[in-house]
Each structure stands twice: as structure tokens, then as C-alpha cells.
Amino acid sequence: MKINELKQLADKDLREKLEQTEEALNNMKLNHQVTPLENPMQIKAVRRDVARMKTELRQRELVK
């Protein structure tokens, strides 16, 4: 997910998206431990998306 897309989301929507993405990341990690994923780089991409969302939320907190 791009930063521009994150900036357009409302706080509530961004928090929901973050929660869903973190859950998906945890499921991916667990599944990867049991049976390896075809593309393990997906974990890296999702982890970075989570970081982007957290960064955007933190920036919004500091502005208020």
C-alpha cells in the first residue's frame, strides 16, 4: 500500500486496515512455519505495510 493511499484514509479506517493487516501477517508467519510459502517475500512486504500504517497514525497523533 502506498503512502498516498494511507493519507487519504480516515483514522478509523486506517486503524481497521492496520488491525486486519497485522492479523494477516501473523497468519502468514504461522503458515510459513508449518509449510513454506511459495513467495516468502510477501511477509516482508506486509511487514513494511504495517510499519507504514503505524507511521502514518503516529504522524497524525503528533499533529493534533
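These legends walk through several close-up views of the predicted model shown above. Because the model is predicted, local features need pLDDT of at least 70 and side-chain atom pairs count only at pLDDT 80 or more, while totals for chains, interfaces and linings use all residues. Residues are numbered from 1 along each chain as its sequence is written, and side-chain values use heavy atoms, with hydrogens and water left out.

**View 1**
Starting at the N terminus, the elements follow the order α-α-α. Helices here are DSSP runs of H or I with at least four residues, strands are runs of E with at least two, and both are numbered from the N terminus. The C-alpha trace spans about 45 × 15 × 15 Å along its principal axes. Among the 64 residues of the chain, 22% count as buried. In these legends, buried means under 20% relative accessible area, exposed means over 50%, and partly exposed lies in between (1.4 Å probe, protein chains only).

**View 2. Asp-11 and Arg-60 meet in a salt bridge.**
A salt bridge is a side-chain nitrogen of Lys or Arg within 4 Å of a carboxyl oxygen of Asp or Glu. By that rule the count comes to 5. In this view, the N to O distance between the two side chains is 2.7 Å. Asp-11 sits in helix 2 and Arg-60 in helix 3, so the pair ties together parts that are 49 residues apart in sequence. Asp-11 is partly exposed, because its relative accessible area is 25%, whereas Arg-60 has 15% and so counts as buried. The side chain of Arg-60 also reaches the backbone oxygen of Lys-7, at 3.3 Å. This second link is a polar contact, meaning a pair of N or O atoms within 3.5 Å; within protein, one must be able to donate a hydrogen and the other to accept it, and residues adjacent in sequence count only if both atoms are side-chain atoms.

**View 3. Glu-22 and Lys-54 form another salt bridge.**
As a reminder for this view, side chains of opposite charge can pair when their charged atoms come close. The closest N and O atoms of Glu-22 and Lys-54 are 3.3 Å apart. Glu-22 belongs to helix 2 and Lys-54 to helix 3, so this pair ties together parts that are 32 residues apart in sequence. Both residues count as partly exposed, Glu-22 because its relative accessibility is 27% and Lys-54 because its value is 46%.

**View 4. Arg-52 and Asp-49 pair within helix 3.**
Their side chains meet in a salt bridge at 2.8 Å, N to O. The two residues are 3 apart in helix 3, so about one helical turn separates them. Arg-52 is partly exposed at 33% relative accessibility, while Asp-49 is buried with a relative accessible area of 18%. Elsewhere, salt bridges that share partners join Asp-11, Glu-56 and Arg-60 into one network.

**View 5. Negative charge gathers in a surface patch.**
The members are Asp-13, Glu-16, Glu-19 and Glu-23. Patches are made of residues with over 30% relative accessible area and no salt bridge, with like charges joined within 9 Å. Asp and Glu count as negative and Lys and Arg as positive, with His and the chain ends not counted. Glu-23 is part of helix 2, which covers residues 11-34, and at 51% relative accessibility Glu-23 counts as exposed.

**View 6. Lys-29, Lys-44, Arg-47 and Arg-48 form a positive surface patch.**
Helix 3 (residues 41-63) gives the most to the positive patch, with 3 residues. Lys-44 has its place in helix 3 and counts as partly exposed at 31% relative accessibility.

**View 7. The side chain of Thr-21 reaches back to the backbone of Lys-17.**
Here the distance from the Thr-21 side chain to the backbone oxygen of Lys-17 is 2.7 Å. Thr-21 lies in helix 2 and counts as buried, because its relative accessibility is 13%.

**View 8. Gln-42 and Lys-2 are 16 Å apart in space, C-alpha to C-alpha.**
Gln-42 is found in helix 3 and is partly exposed, with a relative accessible area of 38%.

Note on methods:
Patch = residues over 30% accessible without salt bridge, like charges linked within 9 Å, V, L, I, M, F, W, Y side chains within 5 Å. Areas by Shrake-Rupley, 256 points an atom, 1.4 Å probe, with all protein chains shown as cover. Charge placed at Lys NZ, Arg CZ, Asp CG, Glu CD.
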